[in-house]
Amino acid sequence: MEENLLLSVIVPVYNAAEFLPGCLNSMLEQEIDKSKYEIVCVDDGSTDNSLEVLNAYAKKYPCVKLYHKENNGVSATRNYAIEKAQGKYLMFVDSDDFICKNSIAPILEEALKRDLDIVEWGFRSVWVDYDGQVLKEPDIAVLKMQKVKPLKASNTLWKLLVKKSIIVENNIKFDTRIHYGEDALFSFLVHLYAVNGKMMKTDARVYNYRIVENSLTHQANPNSADWAEKRIENIMFRIEDCEKIDTATLNNAQNKMLKKKVLLYSSDIVQNTLKLDESKASVELDRLKNKGYYPYSAFSCVEEYDRQNNMLTYRKKSRTKLLIKHHLRSIAYNLFKILLSKPATYRLMKKLKKG
């Protein structure tokens, strides 16, 4: 690691030529000595002119480090970028998004001064055709110390500044099998290993998330059986990754959090089986039962289902009604799960869902 390099901004790129200039310009418009940070751009086999755009920036700005590899997905690209990154701290920026002008310097300064493990900031959503900076720059002055809470960790890495040593020393990597919410487990693990460290948070909306309506995320129908199957598969991969962790290296608090996270993942799978037919649901429930994660507690069901799915239904239903609905469903399920057979429980949950 270069001793004087304080920050590495990781940007995975795939067919993002339209938005790359705005993305890269936003990171160059920071009040940080350009010899103190780098922008690590990894082109994941783009078929548009993304590589040409990146080459132009790399030639003009020495702090833009360009790498190119064959296409194999954003997770593998981020893993590759982390290996190349030389900064003490890492931040992740998607190639179609951008950050606010002069917003990173005060955060980085505070992180270095306090030797923080993690800093979390806010974000705003902007439409795909938005091409201007936000008029009011964020107020970074108010940074609040915050206890590290892995179970409430942000599912999006682009909200975080993370000390690279946490990632390297604990061998945290992106699972290349996961193609939906691929950074959620990574973010949880970063927080898990930083549980005894220091974290700060600012409400300033530093990051600008661009809404692309034809993206896979916005095209997905969360109520479809196809979506549920893919989500179940992705969550099962996360459970398997958690099972691979050497629990002997964790303290009691970390082990409790890891165990609870797996149970929360399991409850999410159970909730998604309601969107499948009974035979497929039975297979998924058996997989969890064989692993010892089913049945699960009512508290796990409520907490995870609300946390994971609230954003998908929040626009259509009030939060209060949503919480009451899921609490009642969980209580009913747990009252009957011992008395009823698995098929009967499944049918009961289906009725509750429709109700």
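User: Why is leucine 51 called partly exposed?
Analyst: Its relative accessible area is 27%. Buried means under 20%, exposed means over 50%, and partly exposed is in between, using a 1.4 Å probe and protein chains only. So 27% puts leucine 51 in the partly exposed group. By the way, this is a predicted model: local features need pLDDT of at least 70, side-chain atom pairs count only at pLDDT 80 or more, and totals for chains, interfaces and linings use all residues. Residues are numbered from 1 along each chain as its sequence is written, and side-chain values use heavy atoms, leaving out hydrogens and water.

User: And why does serine 46 count as buried?
Analyst: Serine 46 has 15% relative accessibility, so it counts as buried.

User: What makes the link between the side chains of serine 46 and aspartate 43 a polar contact?
Analyst: A polar contact needs a pair of N or O atoms within 3.5 Å; within protein, one must be able to donate a hydrogen and the other to accept it, and residues adjacent in sequence count only if both atoms are side-chain atoms. This pair sits at 2.5 Å. A polar atom of the serine 46 side chain also lies 2.9 Å from the backbone nitrogen of asparagine 15.

User: How do you know that the length of helix H10 agrees with its residue count?
Analyst: H10 has 14 residues (278–291), so at 1.5 Å a residue it should span 20 Å, and its end C-alpha atoms are 20 Å apart, which agrees. The expected span is 1.5 Å times one less than the number of residues. As for the name, helices (H or I, at least four residues) and strands (E, at least two) are DSSP runs, numbered from the N terminus.
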